[in-house]
Amino acid sequence: MGRREGYPLYLKKYCGDTLKNQVHDLDREDKEFQGCRIDEIIASGRARPFIPDALEQAHNDGFADCPKCIGETRRRSLRRDCDGGPPSSRGGS
Ligand SMILES: [Zn+2]
């Protein structure tokens, strides 16, 4: 599988799902039954490329990472910087 020739992706690395607002990395596509289902996205007309073909551009366009093909790899490389400080320090004084 991997990147798709022809409309609308033209061998782009990233595929946006305009229904779920998710971006998929076709080089890491999850081909399991409940995986990315890229062909289904294309067949139903929800696929769109990004210009430039970059994950950052997808984020700028409001797309979230697909947890199957992008989320897993990012989680491994990112450190725990999502919890911005201890929750006990929140709230009023
Ligand atoms: Zn995916």
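## Arg37 and its loop

Arg37 sits in the loop between β2 (22-25) and α1 (38-43). Helices are DSSP runs of H or I with at least four residues, strands are runs of E with at least two, and both are numbered from the N terminus. The model is predicted: local features need pLDDT of at least 70, side-chain atom pairs count only at pLDDT 80 or more, and totals for chains, interfaces and linings use all residues. Residues are numbered from 1 along each chain as its sequence is written.

Arg37 is not a glycine, yet its phi is positive, about 55°. How exposed is Arg37? Arg37 is partly exposed, because 18 other C-beta atoms lie within 10 Å. The cut-offs are these: buried means 20 or more other C-beta atoms within 10 Å of the residue's own, exposed means 12 or fewer, and partly exposed is in between, with C-beta atoms placed from the backbone.

## The segment before β1

Tyr10 also has a positive phi without being a glycine. The value is about 50°. Tyr10 belongs to the segment before β1. Tyr10 counts as exposed because it has 11 C-beta neighbours inside 10 Å.

Pro8 is in the segment before β1 (14-17) as well. The peptide bond from Tyr7 to Pro8 is cis. Its omega is near -5°.

## The loop between β3 and α2

Which peptide bond is cis here, with omega near 0°? The bond runs from Ile51 to Pro52. Pro52 lies in the loop between β3 (47-48) and α2 (55-60).
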